[in-house]
Amino acid sequence: QFNYTNIYICQFLQVGIGIFANTLLLFFHIFTLLVDHRPKPIDLIICHLALVHIMNLFTVLFMMSTDLFEILNLLNDFQCKALFCMIRVTRSLSMSTTCLPSTRQAIIVSPSTAWLARLKHKCTKYIFHSFVILWFLSLSLNSNCLLCTAAASNVTESNLLQVSKYCSLSRINSILRGLFFTFSLSRDVSFIGAMLLSSAYMVVLLSRHQRRCRHLHSTSLSSRVSPERRATQTVLLLVSFFEVMYCVDIIISFSSTLLWSYDPIILDVQKLVSNVYATVSALVLLSSDKRIKVSDIPVCLQVPLPFI
């Protein structure tokens with residue numbers, strides 16, 4: 001018999017560590033932006049990513065706290081719609097914000113002879129504008145959850161797909177469902193494609209740089225890791241991990257929606273997979289930033305960063 005207590009403990013532990021790590025990451029980069037006379041654009045991107053993950057994890061924690069629902073009597077459609085919209089929007093923002101440092105780093109590390117070099121100055125100038133566009137896209141493309149989310153007071157109805165103890169999904173018009181699915185798929189393909197292309201480009205540049213280093217006579221120069229290369233490796237690690245978790249999540253979601261049935265174990269596994277990136281990304285960014293002393297980070301949050 002499957003022990004649900006263990007998986008609930010894992011979920012709460014994952015969310016708790018994620019909230020703490022992202023809060024620490026957010027405060028550090030806010031402090032950096034306020035103190036540094038020439039703040040780096042990547043600090044602003046990481047601030048946005050950490051804030052989005054904090055919002056997502058707090059919403060997930062609220063959804064997991066079923067006793068809180070009963071105490072506050074939050075059983076109507078409005079609360080379910082608001083919570084599901086927040087989860088969808090923040091997950092969409094997590095994907096799009098992860099795409100920003102990937103494409104930006106590919107532009108920065110590109111040689112001066114490449115056509116991407118022309119965008120080096122522009123990619124640091126329109127960071128805030130990018131956030132506004134990403135929020136608009138996420139809110140508009142996830143507005144369908146306002147139509148399909150309902151309180152699970154009538155779970156016996158065959159047209160409801162229960163995804164939590166108190167909230168369910170209902171079927172919507174096939175035309176609207178197809179329209180939202182097409183827009184969401186186009187958005188996901190665009191961002192995932194941009195991350196794949198930029199990652200492949202950075203891998204090629206890193207391999208070329210490594211071959212050139214082999215020709216150097218000084219071992220001290222060849223073994224030194226430049227800040228640009230370290231940042232590139234961190235971005236590659238985050239993007240690779242996100243893409244794997246995204247593929248697993250989308251496979252579970254698509255198959256469950258297609259069959260219109262959610263097995264409780266599969267649903268719990270999907271929750272772990274969906275939220276793990278928000279936790280791991282903060283741990284990787286904390287461990288890889290040389291401005292943060294490793295001794296200042298709690299031992300439970302220290303994650304070794306593998307290099308390519």
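Predicted model: local features only at pLDDT ≥ 70, side-chain atom pairs only at ≥ 80, totals over all residues.
Colleague: Why is Thr23 called partly exposed?
Modeller: Its relative accessibility is 22%. Buried means under 20% relative accessible area, exposed means over 50%, and partly exposed lies in between (1.4 Å probe, protein chains only).

Colleague: Where does Thr23 sit?
Modeller: Thr23 is in helix α1. Helices are DSSP runs of H or I with at least four residues, strands are runs of E with at least two, and both are numbered from the N terminus. Thr23 and Ala50 are 27 residues apart in sequence, yet their C-alpha atoms are 7.1 Å apart in space.

Colleague: What makes Asn22 buried?
Modeller: Asn22 has 1% relative accessibility. That is under the limit for buried, so the label holds. Asn22 is also in helix α1.

Colleague: Which backbone oxygen does the Asn22 side chain reach at 2.7 Å?
Modeller: That of Gly18. The Asn22 side chain also reaches the backbone oxygen of Ala278, at 2.9 Å. A polar contact is a pair of N or O atoms within 3.5 Å; within protein, one must be able to donate a hydrogen and the other to accept it, and residues adjacent in sequence count only if both atoms are side-chain atoms. Both distances, 2.7 Å and 2.9 Å, fall within that limit.

Colleague: Why does Leu34 count as exposed?
Modeller: Leu34 has 70% relative accessibility. Leu34 lies in helix α1, which covers residues 4–35.

Colleague: Which residues form the nonpolar patch on the surface?
Modeller: Phe27, Ile30, Phe31, Leu34 and Val35, with about 550 Å² of accessible area together. Patch residues have over 30% relative accessible area and no salt bridge; like charges are joined within 9 Å, and nonpolar side chains (Val, Leu, Ile, Met, Phe, Trp, Tyr) within 5 Å. The areas come from the Shrake-Rupley method with a 1.4 Å probe, and for residues only the protein chains shown count as cover.

Colleague: What makes the pair of Phe242 and Tyr246 stacked?
Modeller: Rings of Phe, Tyr and Trp (its six-membered ring) pair if their centres lie within 6.5 Å; planes under 30 degrees apart count as stacked, over 60 as edge-to-face and the rest as tilted. By this rule there are 3 aromatic pairs. Phe242 and Tyr246 are 6.0 Å apart, centre to centre, with 20 degrees between the planes. Their centres are within the limit and the angle is under 30 degrees, so this pair is stacked. The two residues are 4 apart in helix α9 (residues 227–259), which puts them about one helical turn apart.

Colleague: How do you know that the pair of Phe242 and Tyr277 is edge-to-face?
Modeller: The centres are 5.0 Å apart, with 70 degrees between the planes. That angle is over 60 degrees, so the pair is edge-to-face. Phe242 lies in helix α9 and Tyr277 in helix α10 (residues 264–288), so the pair ties together parts 35 residues apart in sequence. Both residues are buried; Phe242 has 7% relative accessibility. Ring pairs link Phe241, Phe242, Tyr246 and Tyr277 into a cluster.

Colleague: What joins the side chains of Thr98 and Tyr277?
Modeller: A polar contact of 2.7 Å. Thr98 lies in helix α4 (residues 77–109). Thr98 has a relative accessible area of 3%, so it counts as buried.

Colleague: Why is the contact of Arg187 and Asp188 called a salt bridge?
Modeller: A salt bridge needs a side-chain nitrogen of Lys or Arg within 4 Å of a carboxyl oxygen of Asp or Glu. Here N to O is 2.9 Å, so the contact qualifies. Arg187 and Asp188 are both buried. The structure holds 1 salt bridge.

Colleague: How many helices and strands does the chain have?
Modeller: It has 10 helices and 3 strands. Of its 308 residues, 44% count as buried.

Methods
Residues numbered from 1 in each chain as written. Heavy atoms only, no water.
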